[in-house]
Amino acid sequence: MDGGNADQGGPEAFLSGAIKDAQAQYNLRNLLGGAKVPELEQRVLERICQSAQTPPGTAALIISQLRDAFASSNGQAASAPDSSNASDTPLQPHNLDQLVWFGLSQDTVERLRPFVTLLPTPTPVNLNTAPREVIAALFDGMDLASAERLVQARQAQPLKKVQDAKNFLPSSVTISSDRAEVVSSYFNVSGRMRLDERVLEERSLLWRRNLDVLVLDRQRVNLVLEAGQQKP
């Protein structure tokens with residue numbers, strides 16, 4: 001939605017906003033289960049990184065740093081606490097932008113943004129909203145053409161249950177409800193207000209739990225538009 005200031009004598013002001021399904025992307029939290037990273041989840045991230053054309057080794061770096069950062073909170077074996085290990089332990093990221101703490105470039109993060117997310121708990125991918133690249137990466141034996149058939153079909157008729165997807169995927173593909181769903185509980189809400197050349201952006205992660213909606217994370221960014229920069 002967009003809106004402008006109707007008062008011709010006042011400063012130029014605009015409001016805009018959007019709601020996006022956070023479970024349309026692959027959740028990096030799924031890489032944290034167990035003493036070792038699940039082999040299937042590792043392959044999923046490797047395929048996504050390949051589709052996003054990230055630098056070689058990106059998937060391995062994310063997995064290593066992410067599991068080190070969350071080792072203690074996930075019950076994984078952690079190194080003995082000493083001064084050198086403490087300084088090497090990466091900080092726990094709470095959103096995708098903070099993956100730069102792992103040594104990823106901002107360009108790499110932006111390449112991954114359409115395909116991955118980082119939510120507070122493991123979540124399945126919503127097959128009704130995920131892009132074809134994520135659907136193709138999610139299952140062994142998949143390809144982009146099969147994923148595209150599903151994307152085209154759901155535009156005419158959204159999937160009512162997970163197993164409906166089997167009508168559009170190769171027969172060898174196994175679908176489980178813990179990795180794929182047709183509904184979502186997490187959503188990204190963004191809002192932007194521009195007043196003259198100043199911009200305030202707010203991005204929130206919402207969790208829908210039954211009839212309640214909780215705000216789990218909120219980021220605010222103040223910007224100043226440079227001369228000649230396109231206005232939102």
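Is Arg-47 buried, partly exposed or exposed? In this predicted model, Arg-47 counts as partly exposed at 23% relative accessibility, where buried means under 20% relative accessible area, exposed over 50% and partly exposed in between (1.4 Å probe, protein chains only). Residues are numbered from 1 along each chain as its sequence is written, and side-chain values use heavy atoms, without hydrogens or water. As the model is predicted, local features need pLDDT of at least 70 and side-chain atom pairs count only at pLDDT 80 or more, whereas totals for chains, interfaces and linings use all residues.

Helix 1 comprises the 14 residues 39-52 and reaches 20 Å from its first C-alpha to its last, close to the 20 Å expected at 1.5 Å a residue (1.5 Å times one less than the number of residues). Helices (H or I, at least four residues) and strands (E, at least two) are DSSP runs numbered from the N terminus. Glu-41, Val-44, Leu-45, Ile-48, Cys-49 and Ala-52 are the buried residues of helix 1. They cover an arc of only 130 degrees around the axis, and therefore lie on the same side of helix 1; the arc is that of the directions from the helix axis to the C-beta atoms. The face turned away from this buried side carries the exposed residues Glu-39 and Gln-50.

Arg-47 forms a salt bridge with Asp-140 (3.0 Å, N to O), a salt bridge being a side-chain nitrogen of Lys or Arg within 4 Å of a carboxyl oxygen of Asp or Glu. The pair, 93 residues apart, links helix 1 to the loop between helix 5 and helix 6 (144-156). Asp-140 is partly exposed, with a relative accessible area of 34%. The whole structure contains 14 salt bridges.
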